[in-house]
Amino acid sequence: MKLTISSFSAILVGSLTLLMFMLWMLSLLVLSDRQNEQASNTLQHNLQAQVQQLQQSQQLWLQSQYYLLSSLAKSPDDNQNFQSFLWGYYQRNPSIWAVNLVQFNDRGLPLSRSSKPGCLQPDQMLRANFDDFLVPRISVCRIDDRALLEIAGPVIADGDAIVLLVSMDYLDFLNEFSSLTDRKLQRVVDTPQGFQFNEFATVANDDELIRIEIGVPDAVYGELHLKSQPLSFWVLFRHQAAVVLAALFLGALLVLLLLHRFLLKPMQVLAGKMRLAVHGPSENGMATRGDIAPGLGKLVEYFNLMEKTARLDPVTGLNNRVIFEDRLSQAIREGKRSGRKYALVLIDLQGLDEFVQQRGQYMVDALLRQVAEGLRETLRESDHLARFERNMFALLLEVQQLDQLHNLVEKLYLSLVRRYRVYEREFELRAFLGVAIYPDQAVDADGLYRNASIALVAAEHGDWPIAYFHENEDETDTTGFTIIQSLRRAIERDELKLVYQPVVDLQSYHTVYLEALLRWKDPEGHDVSIEQTIRLAEENHLIKSLTNWIIESACRFVSEFESGDVAVGINLSMIDLHDRRLPERIGNYLQQYQVKPSQIVIEITEGQIMQEPGKVIEVLAHLGVMGLSLSIDDFGTGQASLTYLKELPVEKIKIDQSFVRDIATNPDDQLIVRATIELAHTLDLKVVAEGVETLAVCEMLAEMNCDHLQGYYICRPLEAEQVAGWFETTVKPNLVRKGS
Ligand code: C2E
Ligand code: MG
Ligand code: MG
């Protein structure tokens, strides 16, 4: 059955109206009883009040009649007047039935009474009974089955007390009530206790009778039985039906109009549009008015789709940017609370556009799904992965150790640049990764995102596809990135080289060892500052691989050197000395290249020892035990404690070139160098003077009893191939001068 939007709404409003109608009927049923009870109470209360009011007014009337008559009774001699007055009075007030005068003797007993009967008993007719009355006494009595109201009171005439009795028919009195309330009364019972009046033509039914007592406060003379009109369900229904039904009808009409205006009409339009979107326009080009059920179904589908679109990337099913940014903010909040570190990794895939052009979007979507799958597999459950835009993915990783992060990011990179197979076609992607770490490089989501983006740009413009943001670098300057990325590549591709500078014995001019010095030309062919390179490598956690490369190259050089045994000096970085596995690494290379430990001299600077001496001394001691020789480089520039020097298996100290260079002309430097040499000798250490550039320096050092020399005057750093020549040549600069 087809249900249109309009008929649905009509049925809805009709049902609601019917429901309201039923509720109203129900309320009538429930309320009619209570209303009847209430109505009856109210009526009884009202009538009682009316009867009391009537009684009071009648009493007043009777009193006024009494006073009028008693004023006449004061002159009973004037019988003529009195008779005519009474006659006139009866004419005007037919309810007055009798007027009697009673006289008393000296003892206060009644003397006489007029012929007309009164109800007051003779024994009550005592003067004393009336003296105290200020107001007349009113009572009801019966004479010949006739109910009378009797008013009696004393009248003083010529000093004698007389009682005046005024009697009137009680029925007449009650008739007043009929006219007052507009109720027709009928006296049905007249019992010795009193009278009983029923409302005219009513059927006695105790439930609906209202009983009202009549009389004066100290005596009840009868009862009125009045019938209350019961309010039945139908009576109530008839009373209210017109108003309620009209209100229901108008209300339903209004609701229908509002529904149509604000809900149904827009829904019809929406349903029409959805149908148009799904089925296309109808023949006449217009969307047809449709059925509500499919329309609502579409609406639900549409909302589900909207929710999904708001959260998920439709191609890969990964979270989208909105959700990711929310997670990022949450993670940063969490980081602020717990001190956790997070890395934001932005990934840019390149090559997709060409792929779209060659193979179409469908294939690219399939490729992207594989990319997402690969990333998901590499990541942990707790890592957040999202696809931002077309080619951009983002990752939020918790960082425990930087080494682990580097390994994971490398792994991610490798998972991205593998070969993809999409519908039997092979394809490769280029990927670039930019990394920024919270809270080291930014303390809020915006800053982290900005820095990761800068790193990404650096990765895209540099030589290495992974870039870590570095806060020391100017944000717009990517030189640091470029160097470090190039260095990575250089390490991998063996583009670095070592040069060797001899350290010679001053006495014998025998070459003690060759110091290996790193050389590297950047991609443009310029020499890069080695000190800056080492610093960047340290900061970017590349130093381990770089030192590995240096140690391996030096060992290879020693093992391949054919002109006899040679020793090589290796400069170590601070970070190397904090690696407890360094001795193991060096041992492996020694073993691999069959190099004796005595052929390696390790050079470390004073400052390196002073940072965490405990840890460094442990590593150096281990190297000493292995048989390697240790030399303190740049001696005099740091503050190495002599205690440490004694503790360490150090063999040599190398006086920094800044003291040596001007020794011939600067007496202060002379003093320092001389003292240093003497001190070293006291500690049984050999002294190397570096930066020897002139013969004069050379001679002064000889005079100071220095042990070894290194410097341009002796020999500049040599290419590996030139080293053999150095050993072969017998004519060395210092030898020539010394000999001459
Ligand atoms: P260093 O270990 O004190 O090396 C001595 C530096 O003085 C070298 O500079 C060397 O070329 C230079 N030199 C030698 N004789 C003279 C001279 O007569 N006059 C002058 N003015 N300089 C001379 P280089 O190669 O630029 O190295 C600078 C520093 O870089 C090194 O100081 C060392 O601390 C570091 N370095 C060099 N190679 C390596 C390496 O393979 N590993 C590590 N960790 N650091 C290295
Ligand atoms: Mg050195
Ligand atoms: Mg030095």
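Asp634 is partly exposed, with a relative accessible area of 23%; partly exposed lies between buried, under 20% relative accessible area, and exposed, over 50%, computed with a 1.4 Å probe on protein chains only. The model is predicted: local features need pLDDT of at least 70, side-chain atom pairs count only at pLDDT 80 or more, and totals for chains, interfaces and linings use all residues. Side-chain values use heavy atoms, with hydrogens and water left out, residues are numbered from 1 along each chain as its sequence is written, and chains are lettered from A and ligands numbered from 1 in the order in which they are written.

**Magnesium sites**

- Distant parts of the chain are linked here, as Asp634 belongs to strand 21 (residues 629–635) and Glu690 to strand 23 (residues 686–690), 56 residues apart; strands (E, at least two residues) and helices (H or I, at least four) are DSSP runs, numbered from the N terminus.
- Glu690 counts as buried, at 6% relative accessibility.
- The magnesium ion (ligand 2) is coordinated at 2.0 to 2.3 Å by Glu515 (OE), Asn571 (OD1), Glu603 (OE) and Asp633 (OD).
- The spacing of the donors of the magnesium ion (ligand 2) along the chain is E-x55-N-x31-E-x29-D.
- Glu515 in strand 18 (residues 511–519) and Glu603 in strand 20 (residues 600–605) are 88 residues apart, so this pair too links distant parts of the chain.
- Both of these residues are buried, Glu515 with a relative accessible area of 4% and Glu603 with one of 1%.
- Asp633 bridges the magnesium ion (ligand 3) and the magnesium ion (ligand 2), which lie 4.2 Å apart.

**Barrel**

- Strands 17-18-19-20-21-22-23-24 form a closed barrel of 8 strands with mixed pairing; two strands pair if DSSP finds at least two bridges between them.
- On average, neighbouring strands of this sheet are turned by 30 degrees against each other, direction ignored; axes are lines fitted to C-alpha atoms, for helices over the stretch in contact, and angles run from 0 to 180 degrees between N-to-C directions.
- Strand 23 pairs with strand 24 (residues 708–710) in the parallel sense over 3 bridges, and Val688 has His708 of strand 24 as its bridge partner.
- Helix 23 (residues 720–728) packs on the sheet, where it touches strand 17 (497–505) and strand 18; contact means heavy atoms within 4.5 Å.
- The direction of helix 23 makes about 20 degrees with that of strand 17.

**Nonpolar cores**

- The largest nonpolar core has 79 residues, of which Ile602 and Leu701 touch the most other members; such a core is a set of buried Ala, Val, Leu, Ile, Met, Phe, Trp, Tyr and Cys residues joined through side-chain atoms within 4.5 Å.
- Helix 14 (residues 543–560) provides the largest share of this core, 9 residues.
- Apart from this core lies another, of 38 residues, including Leu375, Leu416, Phe427 and Ala431.
- Beyond its neighbours within four places in sequence, Leu701 is in contact with residues including Leu506, Val660, Ala689 and Leu709.

**Strand 15 and its partners**

- Strand 15 is mostly covered, with 8 of its 9 residues buried.
- Strand 10 (residues 341–350) runs antiparallel to strand 15 and is joined to it by 9 bridges; Gln350 has Arg430 as its bridge partner.
- Strand 15 also pairs with strand 16 (residues 466–468), in the parallel sense over 3 bridges, and Val435 has Tyr468 as its bridge partner.

**Backbone features in loops**

- The peptide bond from Tyr438 to Pro439 is cis, with omega near 0 degrees, and Pro439 is found in the loop between strand 15 (430–438) and helix 11 (445–461).
- Tyr509, although not a glycine, has a positive phi of about 60 degrees; Tyr509 lies in the loop between strand 17 and strand 18 and is buried, with a relative accessible area of 13%.
- Asp684, also a residue other than glycine, has a positive phi near 70 degrees; Asp684 lies in the loop between helix 21 (667–682) and strand 23 and counts as exposed, at 70% relative accessibility.

Notes
Donors are N, O and S atoms within 2.8 Å of the metal (3.2 Å for Na, K and Ca); water is not among the atoms, so sites may look incomplete.
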